[in-house]
Amino acid sequence: MNITLQACNTSDTFDTISILQESDHLSSKGLKILALTVSIALLSMPLFVFKYIDHISKFRSSYNCSEKVSLNKQLEYRVDVLLSVHPYAKALALLVATLMLICLGGLALFGVTDDSLADCLWLSWTYVADSGNHANSEGMGPRLVSVSISFGGMLIFAMMLGLVSDAISEKLDSLRKGRSEVVEQNHTLILGWSDKLGSLLNQLVIANESLGGGIVVVMAERDKEEMELDIAKMEFDFRGTSVICRSGSPLILADLKKVSVSKARAIVVLADDGNADQSDARALRTVLSLTGVKEGLRGHIVVELSDLDNEVLVKLVGGELVETVVAHDVIGRLMIQCARQPGLAQIWEDILGFENCEFYIKRWPQLDGMQFEDVLISFPDAIPCGVKVASRGGKIILNPEDSYVLQEGDEVLVIAEDDDTYAPGALPMVNGASFMHIARPARKPQKILLCGWRRDIDDMIVVWRGSLPGDFIVPKLMEKILLCGWRRDMEDMIMVLDAFLAPGSELWMFNEVVESERERKLIDGGLDLSRLVNITLVHREGNAVIRRHLESLPLESFDSILILADESVEDSAIQADSRSLATLLLIRDIQAKRLPYREAMVTRGQRGSFSRGSWIGEMQQASDRSVIISEILDPRTKNLLSMSKISDYVLSNELVSMALAMVAEDRQINDVLEELFAEE
């Protein structure tokens, strides 16, 4: 009975275990069916949602005709805004889609296989990551689900490749177009683009050569690749200086921040090619943008202006940070000085450029209490030419009196090769020697006759100090000057000439502007014709490139002829230079034809560089009679005039670029230039 009872208990236990196993199997099968159903429902849900939205849109449009935008379009717009406004929305959407595919694929695999949910999720990830893993699937259900997951994985992978490719392309495009930030400090920043940029870069490169090179950043509203290509075409050695180009507007604070404007040691604002008023207005807005930088500016601002009348307004806005260089005014004054002193243009090029010697201002405490006549012989490798007087607010005095005593805080202005190539030395002493008395005959009064008059007659009169009265002034001679062309600052040039010339001089104005229009422009520019005391204006109307118009002028009688870059063609440097060169050749040819025969033959015999009767030889004969100053805008035209030697030229853009570079390196030089260009 005991054995029978034990056997019955054992059979009951087996039945219970089998029942429990069957119930677990039924429960697991129900979960798998539920998981498969949920995955199918979730996959089909977007289709039903889109259909419902489309139905709602059609229903609203049928009952409300005023609604012009459907609900699905509004939804598309919201999604588009989300993806465009938020930079990481696309990557986040791709991540969510990948997780949803893994979860739905894992649920579907859990419903068609005997594996656990964790194993199915891992298997779903392997199908997404590698579409070839589904080859080992067995059975219709697992194979169907694995193929679907693999297709979704390929779609996800293609979207990921597209996003990565777009991100890389966008970054490369940003670098190519110059949108990346410049992480530099103590660099020179140039804002704008003009014909003067090449000469300006050349001068900055020469200035930085002693430091082993520097950093120059150029920002303009041009494509970065075009700027780099144009700079690469410039024919000069960069000598260790790096030029970085960025595309942007100086009127936008974000673009200014992109080029580290607050850390630049100097900021140069170039004038735009074109209308002077518009160019100066843009320069004014640029200065306003620069003064609005929150971080402040470490360096000073050098602004190139086109019109002298706008200088006061720019200085009012910029305050102490701004140094202005009025290009037209500088060139006008230089042309007048070069017309009265032939050869001065080449001297200006040597002094203003960094290639040879240039101006430097520095304080030397060991020179305090020394007279300026002793300072003159204290520098073996420099030429002192002025003093920056501290007691007069930093005013620069050129060529002070020999008896001037340097005070504490005074700085010495010198011309030297570089700022580290000169220093004051000990005063040179005369070697001691035994005194030997030599009886010299007393000087007898002499009577010397000078036949004729020269421009440098005052330099020829050499006398002992004090032998002539202090108020002795060599009298000036009347001059006759011709201005060919019209500039917008013509009234300023006339006022400067009136201050320079002797009473009774004549200023002939030859251009295409009607006489009544000329007077109106001069009066509008601030010129009072009744206050001209030394010169008389003579108006002639004509075209400077037409020979018969020029032949109506007494060209052989002028002391100086100034050929201006006419206002009508100044926007194009090549066209303006071609016009100036044609006018120069016509004037020289007319002058040569009007020379007396005997003088022409003598002059030809004295010149050996050109053959008898050559056109250059004849024009050189005419150049001995009068001075012609041509305003040249393009530096490439320099070679044409320097080889022919028929004109003393002024290289406008290059001289202005030199002045801009010098003021950018040391803002005190602007005061020196203002003194040098003044009438006094």
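Residues are numbered from 1 along each chain as its sequence is written. Because the model is predicted, local features need pLDDT of at least 70 and side-chain atom pairs count only at pLDDT 80 or more, while totals for chains, interfaces and linings use all residues, and side-chain values use heavy atoms, without hydrogens and water.

Let's start with Asp280, which sits in helix H9 (residues 276-291); helices here are DSSP runs of H or I with at least four residues, strands are runs of E with at least two, and both are numbered from the N terminus. Asp280 is buried but forms no salt bridge. Buried means under 20% relative accessible area, exposed over 50%, and partly exposed in between (1.4 Å probe, protein chains only). A salt bridge needs a side-chain nitrogen of Lys or Arg within 4 Å of a carboxyl oxygen of Asp or Glu. The nearest side chain of opposite charge to Asp280 is Arg488, 6.7 Å away.

Now for the loops. Phe238 lies between helix H7 (224-232) and strand S3 (242-247), and counts as partly exposed because its relative accessibility is 23%. Leaving aside neighbours within four places in sequence, Phe238 contacts Val205, Ile231 and Val243 (contact means heavy atoms within 4.5 Å). Arg239 is in the loop between H7 and S3 too, whereas Asn186 is in the loop between helix H5 (140-176) and strand S1 (188-191).

Two of these loop residues have a positive phi:

| Residue | Phi | Relative accessibility |
|---|---|---|
| Asn186 | near 55 degrees | 45%, partly exposed |
| Arg239 | near 55 degrees | 33%, partly exposed |

Most residues other than glycine have a negative phi.

Note on methods. Lys, Arg positive; Asp, Glu negative; His and termini not counted.
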